[in-house]
Amino acid sequence: QRQNNLRIARLKSQAKIDAMIALKRREIKENWGIQISYTFSEMFGLNLILVGVDEKGPAWGCGARPGDSIVTVNDWLISVMDRPYVAMHLLQAGANQVKLGIHKSSAVPRETDVIGYL
């Protein structure tokens, strides 16, 4: 338990948010316009990376760009999670509005670095 608490404290201290984005869409059946990949490691935790952002979608209009990493979803820190589907459920639970903490980057991960797509 102590080791896990130290890991969580380290991941929290490493979290860097460059921008807060309020994703909004008119209705739930409208897509956010994003494609997400994820990576996981003990050192860096879970990372959700935007590999695609539709220029006509709500996410693009709110400032999301390919290569950005989602650090928080509605103030929940993603890196301390160990299951990507939990993070995706948080994104879906927001219905028409979700607040994202984003780390800006233009580097989209290489295919060999991606564990899976959500």
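The model is predicted, so to speak of local features a pLDDT of at least 70 is needed, side-chain atom pairs count only at pLDDT 80 or more, and totals for chains, interfaces and linings use all residues. Residues are numbered from 1 along each chain as its sequence is written, and side-chain values use heavy atoms, with hydrogens and water left out.

**The nonpolar core**

- A nonpolar core is a set of buried Ala, Val, Leu, Ile, Met, Phe, Trp, Tyr and Cys residues joined through side-chain atoms within 4.5 Å.
- Buried means under 20% relative accessible area, exposed means over 50%, and partly exposed is in between (1.4 Å probe, protein chains only).
- The largest nonpolar core here has 22 residues, and I70, V73, I78, L91 and L100 touch the most other members.
- At least two residues of this core come from each of β1 (19–24), β2 (34–41), β3 (45–53), β4 (69–73), α3 (84–93) and β6 (97–103).
- Those labels come from DSSP runs, numbered from the N terminus: helices are H or I with at least four residues, strands are E with at least two.
- In soluble globular proteins, nonpolar side chains tend to be buried together.

**Helix α3**

- P84, A87, M88, L90 and L91 are the buried residues of α3.
- They sit on the same side of α3 because they cover an arc of only 150° around the axis, where the arc is that of the directions from the helix axis to the C-beta atoms.
- Exposed Q92 and A93 are on the face of α3 turned away from its buried side.
- Among what covers the buried residues of α3 are β2, β3, β4, β5 (76–77) and β6.
- Take L91: leaving out residues up to four places away in sequence, L91 touches W32, I34, I36, V73, V98 and L100, with contact meaning heavy atoms within 4.5 Å.
- After α3 comes A95, which has a positive phi near 55°.

**The loop between β4 and β5**

- N74 is in this loop, and its phi is positive, about 50°, although N74 is not a glycine.
- N74 counts as partly exposed because its relative accessibility is 32%.
- D75 is found in this loop too, again with a positive phi, about 70°, although D75 is not a glycine.
- At 55% relative accessibility, D75 counts as exposed.

- S69 has its place in strand β4 and counts as buried, at 16% relative accessibility.
- F44 is in the loop between β2 and β3.
- F44 and R10 are 34 residues apart in sequence, with 9.0 Å between them in space, C-alpha to C-alpha.
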